[in-house]
Amino acid sequence: MDWWFFIEVFVGGLLSGVMYSLVALGFVLIFKASGVFNFAQGAMVLFAALTFVRLLEMGVPALLTMAITIGVMILLAIFIERVMLRPLVNQDLIILFMATIGLNYFIEGFAQLIWGSHVGVLDLGVDQYAAFEIGNALINKFDVWAALIAGSLVLVLSLFFRFTVIGRALRAVADDHQAALSVGIPLSTIWVYVWSTAGIVALVAGVVWGSKLGVQFAISTVALKAIPVLIIGGFTSVPGAIIGGLIVGCGEKLAEVYLGTYIGYGIENWFPYMLALIVLMIRPEGLFGEKIIERV
Amino acid sequence: MNVNAKNNKSAKLEVLMDIKDISLSFGGLKALQNVNLHIQKGEILAIIGPNGAGKSSMLNVISGIYIPQKGVVEWKGKLRKKIAPHDIARMGIARTFQNIALFRGMSALENILTGRNILMKRNLFLEALYLGMGRKQEEEHRQKAEEIIDFLEIQSIRKTPVARLPYGLQKRVELGRALALEPELLLLDEPMAGMNVEEKEDMCRFILDVNEQFGTTIVLIEHDMGVVMDISDRVAVLDYGIKIADGTPDEVRSEQKVIDAYLGAG
């Protein structure tokens, strides 16, 4: 066995896994705080990326574009809370889930209505095909760069959750709505925070994925890759989203390269789902999810 | 437990909350009918009654979660209007729940700190830098939380995630979180349910201490009659949504209607 080749595939897998984690993170934030699986997360990634790239195309400076897009995602969060979450408060989670499906189509349509659907080119100044060598293994520069962004985002989020008053309120809401209300934490404000944060995470994911694949409609389907990541990592865990992403990224690349020879290539596309299925059978709450204990 | 000391407390008759002739129903079910109840400042008031008598409904009317269809609630002499659930804490009303509602992922200390939520100022920038105001604020609140931890004698578990604590201690942490609000009125929904004798005695002691040391007015629902008669200044009895008695523990104990309600006679 060629170990350098193995390392190359392995590291490549880890790095692309980070990209999946980035998308999964948005799901986890919303699921943690409200128990809702946000079907519209992929659409939010598309919307953020489209807004970003179109503003750049208009000649707005990069930093200002970033700031405006963050503002737009916060407005979107406020809109979602007012129009969708507030009227549906206390409804079954399945109803909220259905509402996010509607939201998904709304955002997809709205994004393309105002920004058009032509493919946007996002150049972050990093050559996609440049690589550097470690020993005999080639590591893609762009992927390393994306991993660094994702890593710092996770770090900032964890610090925010752990050490700020708002972060503590967010965790409180995630743990128990009733108790959070009783100590005076307003759910509606917290939901705006959560959806804004998920929007900003969607922006980062959109920019990174957009510069890899081009900013186009297909970006919203990267959300599909997040599902096995969530099942493996657990829906309620930020570290779970990271580890889950790494497992999926590594797993699919290694399977493609090493199992492909025996059972045919192209297994990259379904392998993560099979991993997820196995995890579901052994540990339904995911590797890092909270174990669900019901008193009977 | 020194009960007599309590009863000698100088009777200062200031009404904190006055509930006038309220009726509450859910569809066809009449949960409360024409109930009058006042809460005096500084007292420990117990609401008792058989299952389904409307005790929890009453507690929710007091806290403002339920709005009665008929009648009014006055808070400190002023008519109380409909309030958002998260504003109840701001009025100075804290509560614990029948089924413990703690922030399970947090430690005991963090739970109590979160109880101070409404007293904290939010400034993301300062907090992020952990500087100046942000730092001073966090330290102040932490000190208050530590005082509550000392008071409830839970120093040894302050860093333990609450989900891992035994039931009795979880109840105690929940009480701590409610105290962290520095409430004027503390509502306890079955604070002793499911506890063993020792835990009950501890809880009784804490409730009395809170009342005496902080002057907090306490309204509690409890099934254990021994406990109720021991610690309450006043007892209100509900049966089928109607208040059938209201008075000192001794008065209530000898009331024929109460005896009937509990023994199922009549």
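Guide: Here is a close look at one part, followed by its surroundings.

Please keep in mind that this is a predicted model. Chain B brings 24 residues to the contact, and chain A brings 18 residues. On the chain B side, the elements that give two or more residues are helix 3 (108-115) and helix 4 (124-129). Helix 3 of chain B gives the most to that side, with four residues. If you sort the chain B side by class, you find 12 nonpolar, five polar and seven charged residues.

Eight of its eight residues are buried. From one end to the other, these are B:A108, B:L109, B:E110, B:N111, B:I112, B:L113, B:T114 and B:G115.

The last residue of that list leads us to a neighbour. B:G115 is among the contacts of B:L181, along with B:A89, B:A94, B:I118 and, from the other chain, A:V183. B:L181 lies in the loop between helix 6 (167-180) and strand 7 (185-189) of chain B. For a sense of distance, B:S254 is 73 residues from B:L181 in sequence, and their C-alpha atoms are 37 Å apart in space.

Now step back to chain B as a whole. Its secondary structure comes to 10 helices and 10 strands, and 41% of its 266 residues are buried. Of its contacts with a separation of 6 or more, 69% join residues 24 or more positions apart.

Most residues other than glycine have a negative phi. B:K76, which is not a glycine, has a positive phi of about 50°. B:K76 sits in the loop between strand 4 (70-75) and strand 5 (78-79), and it is partly exposed, with 14 other C-beta atoms within 10 Å. B:E190 also has a positive phi, near 50°, in a residue other than glycine. B:E190 belongs to the loop between strand 7 and helix 7 (197-214) of chain B. With 20 other C-beta atoms within 10 Å, B:E190 is buried.

Chain A has 11 helices and two strands; reading along the sequence, the pattern is α-α-α-α-β-β-α-α-α-α-α-α-α. Along its principal axes, the C-alpha trace spans about 60 × 60 × 35 Å. A compact globule of 296 residues would have a radius of gyration near 19 Å, and chain A agrees with that at 20 Å. Of those 296 residues, 47% count as buried.

At 1.5 Å a residue, its 27 residues should span 39 Å, and its end C-alpha atoms are 37 Å apart, which agrees. Helix 8 is mostly covered, with 22 of the 27 residues buried.

For a pair of packed helices, find helix 2 (residues 41-57) and helix 3 (residues 62-85) of chain A. Their axes lie 9 Å apart, at an angle of about 145°, and the crossing is right-handed. Helix 2 of chain A brings A:A48, A:T51, A:F52, A:L55 and A:L56, which meet A:A62, A:T65, A:I68, A:T69, A:V72 and A:M73 of helix 3 of chain A. By class, that contact has eight nonpolar, three polar and no charged residues.

Our last stop is A:G233, in helix 9 (residues 222-233) of chain A. A:G233 counts as buried, with 31 C-beta neighbours inside 10 Å. Leaving out residues up to four places away in sequence, A:G233 touches several residues, including A:A24, A:G240 and A:F288.

Note on methods
Residues numbered from 1 in each chain as written. Chains lettered and ligands numbered in written order. Predicted model: local features only at pLDDT ≥ 70, side-chain atom pairs only at ≥ 80, totals over all residues. Contact = placed C-beta atoms within 7 Å. Nonpolar A, V, L, I, M, F, W, Y, C, P; charged D, E, K, R; others polar. Rg over C-alpha atoms; globule rule 2.2 N^0.38 Å. Buried ≥ 20, exposed ≤ 12 C-beta atoms within 10 Å, placed from the backbone. Expected span 1.5 Å × (residues − 1). Axes fitted to C-alpha atoms, helices over the stretch in contact; angles between N-to-C directions. Left-handed = near helix turned anticlockwise from the far one by under 90°.
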